[in-house]
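Please keep the sequence and the model in view while reading.

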Amino acid sequence: MAKHLARIHGTEEDKVNCPFYFKIGACRHADRCSRIHHRPAFSQTILIKHVYRHPVREAELKAASEGRSADAVEVDEEEAREDFLVFFEQIQQPIRDFYVELSKFGRLEALHVCDNLGDHMVGHVYAKFSDEEEAADALNIMHGRYYLGRRLEVEFSPVTDFREARCRDFDEDTCRRGGFCNFMHVKPVPMCLIRDMEEDAEEDRRRERRERERKRRERDGGGGEGGRKRRSRSRSRSWSGS
């Protein structure tokens, strides 16, 4: 019996636990769902809810505020892509890179931005760290901060294997459900951008290690000229999105 329950846990056969929440960390029924949403106390993955301002949703809200029908909304795809890349680069301060901001807490294994339009998934950002302690540090610091006037809502996510969470049809450009699909539509990010962000994140970590070492030496009486030399080499780098 125990083996059977373990085998069906989080699948459609499981009549107790919600398979969508288990796979995706989000469910369109929310608290009204007839099945249980097991919210993890710890996880390698954190979910930053509704932080990405989806251009279609923003255009719909603008149309509604102006008394126009949302059905007539048109979005410039090129402008929307540019806005997304700007979002991916920036958080809190214009000079702060979103990827690097999260990378301060540890090494990121994945950072996914949802392109879905359903209320339960729109604007979601998933960040998976190499271990649970790093994810916990990120959650404790990021939760409650403000991004573009919005208070960040961050929680642990049960998703650690994004292969089960992603919509394969969307990845192959064949999904017929569009933005209201219940599986993750992950926005594609250029590999050159990812490599640049990884390099910047690693440089930030090295700089912080050098700074901690300098402070330790000064505290132990070993500061002086060496510390000044290290400071001169640890200048910040400007990040390029191309």
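Two strands pair if DSSP finds at least two bridges between them. Helices (H or I, at least four residues) and strands (E, at least two) are themselves DSSP runs, numbered from the N terminus. This is a predicted model, in which local features need pLDDT of at least 70 and side-chain atom pairs count only at pLDDT 80 or more, while totals for chains, interfaces and linings use all residues. Residues are numbered from 1 along each chain as its sequence is written, and side-chain values use heavy atoms, with hydrogens and water left out.

Lys128 of strand 3 takes part in both pairings: Ala110 stands opposite Lys128, and Thr45 has Lys128 as its bridge partner.

How many residues of strand 3 are buried? A residue is buried under 20% relative accessible area, exposed over 50%, and partly exposed in between (1.4 Å probe, protein chains only). Five of the five residues of strand 3 (residues 125-129) are buried, so this strand is largely enclosed by the rest of the structure. Val125, Ala127 and Phe129 point one way from the strand, whereas Tyr126 and Lys128 point the other way.

A further buried residue lies in a loop. Asn17 is found between helix 1 (2-8) and helix 2 (19-24), and counts as buried because its relative accessibility is 10%. Its side chain is joined to that of His38 by a polar contact of 2.7 Å. Such a contact is a pair of N or O atoms within 3.5 Å; within protein, one must be able to donate a hydrogen and the other to accept it, and residues adjacent in sequence count only if both atoms are side-chain atoms.

The structure holds 21 salt bridges, each a side-chain nitrogen of Lys or Arg within 4 Å of a carboxyl oxygen of Asp or Glu. One of them joins Glu202 and Arg107, with the closest N and O atoms 3.3 Å apart. This pair links distant parts of the chain, 95 residues apart: Glu202 is in helix 9 (residues 191-219), and Arg107 is in the loop between helix 5 (98-103) and strand 2 (108-113). Another salt bridge connects Arg163 and Asp161 (3.0 Å, N to O); Arg163 is exposed because its relative accessible area is 63%.
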